[in-house]
Amino acid sequence: YDAAKVKEIEAARVASGQSSTRPSGAPAGPAAGIAALPPDEQAVAIRGMVEGLAARLEANPDDPDGWRMLARSQEVLGEIDAALAARRQLLAIAPDDVRDWKDFIALLARRDPAQQFPNDDEFVAALAELETRSPGDPLVLFYRGGAAFSRGDGATAVANWSRLLAMSPEDAPVRGILEGLLAEAEAMGQ
C-alpha cells in the first residue's frame with residue numbers, strides 16, 4: 001500500500017472529473033492509464049492533468065464546476081494555497097452554494113495547522129458569509145466559538161458551543177470534544 005500513489009491517483013480522478021472511486025474501487029478513464037505508469041511518470045501525468053485544468057480555467061474562468069474540481073485536486077495534492085486561490089475564484093463567480101462556503105472554511109482552517117482556531121479577517125468574513133446563507137449552521141457555531149476562545153472571550157465561546165451541543169444528537173462523537181471545549185471556555189471566565 002503506497003499512500004502517496006493513492007493520493008496522486010485520487011487527484012488525477014478529481015482533475016479528470018471522475019468520482020473519487022468506482023464501485024469496484026478500480027480507477028477508470030485517464031486515472032486507469034496513470035495507475036499503470038511507473039511512479040515517477042504518474043506524478044508527472046497527474047500534475048499535467050491538474051495544470052491542464054488550470055489552463056482551461058484561465059481560458060474559461062466562468063466555470064464553477066471546473067474551479068471546484070481544480071480546488072479539490074490541488075487540495076488532494078496538498079497544495080493548500082493553490083486550492084484556496086481556486087476556491088476564492090469559485091466563490092467570486094458562484095457565491096450562493098453553502099457547500100462551497102463550508103469547503104472554503106474547512107480549507108482555511110487547514111491553512112495553519114499550528115492554529116487550533118483561525119481568527120484572521122478572511123476566516124471571520126467567510127464564517128459571516130456562511131451564516132448569512134445558512135443561519136445557525138453548526139460549522140459557524142463551532143468556529144465562532146473557537147475564534148472567541150482564541151481571543152480569550154470565554155463567554156462568547158460558551159454561548160456558541162452550548163448552542164451547538166444542544167443541537168447535536170446524544171450519540172454524536174463531537175459531543176465529547178464540545179464538552180471538553182466548553183469546560184475550558186467556562187474556566188476561562190473564572
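## Overall fold

Helices (H or I, at least four residues) and strands (E, at least two) are DSSP runs, numbered from the N terminus. By that rule the elements of this chain run α-α-α-α-α-α-α-α-α-α from the N terminus on, with ten helices and zero strands. The model is predicted, so local features need pLDDT of at least 70 and side-chain atom pairs count only at pLDDT 80 or more, while totals for chains, interfaces and linings use all residues. Residues are numbered from 1 along each chain as its sequence is written, and side-chain values use heavy atoms, with hydrogens and water left out.

Buried means under 20% relative accessible area, exposed over 50%, and partly exposed in between (1.4 Å probe, protein chains only). Of the 190 residues of the chain, 37% count as buried. Contact means heavy atoms within 4.5 Å. Among contacts between residues at least 6 apart in sequence, 47% join residues at least 24 apart.

## Nonpolar cores

A nonpolar core is a set of buried Ala, Val, Leu, Ile, Met, Phe, Trp, Tyr and Cys residues joined through side-chain atoms within 4.5 Å. The largest one has 30 residues, and those with the most contacts inside it are Phe-104, Ile-105, Phe-117, Phe-123, Phe-142, Tyr-143 and Trp-161. At least two residues of this core come from each of helix 5 (80-93), helix 6 (98-110), helix 7 (121-133), helix 8 (138-151), helix 9 (154-167) and helix 10 (174-188). A second, separate core of 13 residues includes Ile-34, Ile-46, Met-69 and Leu-77.

Phe-142 has contacts with Phe-117, Trp-161, Leu-164, Leu-178 and Leu-181, leaving aside its neighbours within four places in sequence.

## Aromatic residues

Rings of Phe, Tyr and Trp (its six-membered ring) pair if their centres lie within 6.5 Å; planes under 30 degrees apart count as stacked, over 60 as edge-to-face and the rest as tilted. A search of the whole structure finds seven aromatic pairs. One of them, between Phe-149 and Trp-161, is tilted, at 5.7 Å centre to centre and 40 degrees between the planes. This pair links distant parts of the chain, with Phe-149 in helix 8 and Trp-161 in helix 9, twelve residues apart.

Both partners are buried: Phe-149 has 15% relative accessibility, and Trp-161 has 0%. Phe-149 and Trp-161 also belong to one aromatic cluster with Phe-117, Phe-123, Phe-142 and Tyr-143.

## Helix 5

The end C-alpha atoms of helix 5 are 20 Å apart, which agrees with the 20 Å that its 14 residues should span at 1.5 Å a residue; the expected span is 1.5 Å times one less than the number of residues. Ile-80, Ala-83, Leu-84, Ala-86, Arg-87, Leu-90 and Leu-91 are buried in this helix. Seen down the axis, these buried residues fall within an arc of 165 degrees, so they line one face of helix 5; the arc is that of the directions from the helix axis to the C-beta atoms.

The face turned away from the buried side carries the exposed residues Asp-81 and Ala-92. Helix 4 (64-76) and helix 6 are included in what covers the buried residues of helix 5.

## Helix 7

Helix 7 has 13 residues and reaches 19 Å from its first C-alpha to its last, close to the expected 18 Å. Its buried residues include Phe-123, Ala-126, Leu-127 and Leu-130. The buried residues fall within an arc of 100 degrees seen down the axis of helix 7, so they line one face of the helix. They pack against helix 6 and helix 8, whereas Asp-121 and Thr-132 are exposed on the other side of helix 7.

Val-158 lies in helix 9 and counts as buried at 18% relative accessibility. Not counting residues up to four places away in sequence, Val-158 touches Leu-182, Ala-185 and Glu-186. Val-158 and Ala-183 are 25 residues apart in sequence and 8.6 Å apart in space, C-alpha to C-alpha.

Ser-168 is found in the loop between helix 9 and helix 10 and is buried, with a relative accessible area of 11%. Its contacts, leaving aside neighbours within four places in sequence, are with Val-174, Arg-175 and Leu-178.
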